[in-house]
Amino acid sequence: MRVLSTACQHAIAWTLLVTLTLTGASLLTGCRGEARPPATPPPSEAQPKEQPPAAKTDAEKGWESLFDGKTLAKWKSTKFGGEGKVFVKDGQLILDMPTGDMTGITWAGERDDLPHLDYEVSLRAMRVEGDDFFCGLTFPYKDSHASLICGGWGGGLVGISSLGHMDASENETSTYHEFKNGRWYDILLRIRDNCIQAWIDGKQVVDAQPGERKVDVRIEVEESIPLGIATWHTKAALKDIQLRRLLDE
C-alpha cells in the first residue's frame, strides 16, 4: 500500500478543515443564525400528497385562534374609506372588493393582548378576485408596526413595508412570486428582536434584520394598526388566523 507523504497528508487535512468550516458557516444564515424553518408551518394544500404534515410536537403547541369561523369577534371592518363589505361565510372571513382602494379588518380587542416581540402569526389567505395584494398583514414590532405584503405591486410582490422609509418594492425583502386566484396560501410571520421572518407554503420569503432603521407602515394602512389584514383592489378570503408567543429557544 502506498504511503502518502507528510506534505500530502497535511494538504488533505487542510482541505477537510476548510470544507467543514464553510459547511458550518453556511448554516448560520438569517436572523439570530436560525437557518431552519419554523416549527409549525400550517398545512398547505399545495404540498405534494406524498409529504403529509408531520405529527404535532410540544413545540407546535401554544397557538391561540383569533378567528372562530363564525363571527368577527374581536375584529372590526377597517375604516379606510371606500372599503368593501367584511363578513363571515362558510367558515371564511371575506374581504369584499372595495369601491375605493382597500378593504380590511383591524384588531378591536385590547392592545395589551398583543405581543410586540417573540411571537408568530399564521393564517390562510386566498385572492378570490383582483390582481393586487390579498394579504397586507400589519403587525406590531417593538414600539412600532410594519406590514407583510403578499401579492402587491401588480400581483406578485412580497416584502415588508416599510424599512428605513423604503417600501416592500424598494428594500431587500422584495421578491416576486406567482399567486393564483382561487388558491389558498399558508402564511406564517415570525417576529424576534431585530428579526422579521415570513414563510409562504413553508418556503421562507422574508429574512430581515431592521437594525437601526425606522420600522413603520405606509400611510394608507395606518388604520390597520395595531394588527390588521388588508387588500388592495382585491377580494380575499381568510381563515385559520392564529397567534402564539414564542418562548426562548
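**Notes on the predicted model**

1. R127 stands opposite A236 in strand 15. This pair belongs to the contact between strand 6 (residues 119–130) and strand 15, antiparallel strands joined by ten bridges. Strands are DSSP runs of E with at least two residues, helices are runs of H or I with at least four, and both are numbered from the N terminus. Two strands are taken as paired if DSSP finds at least two bridges between them.

2. The model is a predicted one: local features need pLDDT of at least 70, side-chain atom pairs count only at pLDDT 80 or more, and totals for chains, interfaces and linings use all residues. Residues are numbered from 1 along each chain as its sequence is written, and side-chain values use heavy atoms, with hydrogens and water left out.

3. On confidence, the chain has a mean pLDDT of 83, and 76% of its residues reach 70 or more; pLDDT is the predictor's confidence in each residue, from 0 to 100. Over residues 1–29 the pLDDT stays under 50, and the model has eight contacts beyond four places in sequence for this stretch. The pLDDT is also below 50 over residues 39–59, a stretch with 30 contacts beyond near neighbours in sequence. A contact here means heavy atoms within 4.5 Å.

4. The chain holds one helix and 15 strands. Of its 249 residues, 44% are buried, where buried means under 20% relative accessible area, exposed over 50%, and partly exposed in between (1.4 Å probe, protein chains only). Among contacts between residues at least 6 apart in sequence, 66% join residues at least 24 apart. The chain exposes about 13,300 Å², of which carbon and sulfur atoms supply 53%; accessible areas come from the Shrake-Rupley method with a 1.4 Å probe, and for residues only the protein chains shown count as cover.

5. Two bridges join it to strand 1 (residues 64–65), with L243 as the bridge partner of E64. Three bridges join strand 15 to strand 4 (residues 92–95), where I94 stands opposite A237.

6. An open antiparallel sheet is formed by seven strands in the order 2-5-14-7-8-9-10. Strand 2 (75–77) and strand 10 (175–176) are at its edges, each with a single partner strand, so one side of each has no neighbour in the sheet. Within this order, strand 7 (residues 135–141) and strand 14 pair over three bridges in the antiparallel sense, and G136 has A230 as its bridge partner in strand 14.

7. A230 is located in strand 14 (residues 228–232) and counts as buried because its relative accessibility is 0%. Which residues does A230 contact, leaving aside its neighbours within four places in sequence? They are F80, M102, T103, G104, F133, F134, C135, G136 and S224. The C-alpha atoms of A230 and G104 are separated by 3.9 Å, although these residues are 126 apart along the chain.

8. S144 is found in strand 8 (residues 144–152) and is buried, since its relative accessible area is 15%. A polar atom of its side chain lies 2.5 Å from the backbone oxygen of V215. Leaving aside neighbours within four places in sequence, S144 is in contact with F139, V215 and D216.

9. The largest nonpolar core has 42 residues, of which F139 and L148 touch the most other members. Such a core is a set of buried Ala, Val, Leu, Ile, Met, Phe, Trp, Tyr and Cys residues joined through side-chain atoms within 4.5 Å. Apart from it lies another core of nine residues, including M102, I149, L157 and V217.

10. Most residues other than glycine have a negative phi, and most peptide bonds are trans. The peptide bond from S161 to S162 is cis, with omega near 0°, and S162 lies in the loop between strand 9 (157–161) and strand 10. H165 is in the loop between strand 9 and strand 10; its phi is positive, near 65°, and the residue counts as exposed because its relative accessibility is 65%. A cis bond with omega of about 15° joins I225 and P226, and P226 lies in the loop between strand 13 (203–208) and strand 14. N194 has a positive phi of about 55°.

Methods
Polar contact = N/O pair within 3.5 Å; in protein donor to acceptor, adjacent residues only side chain to side chain.
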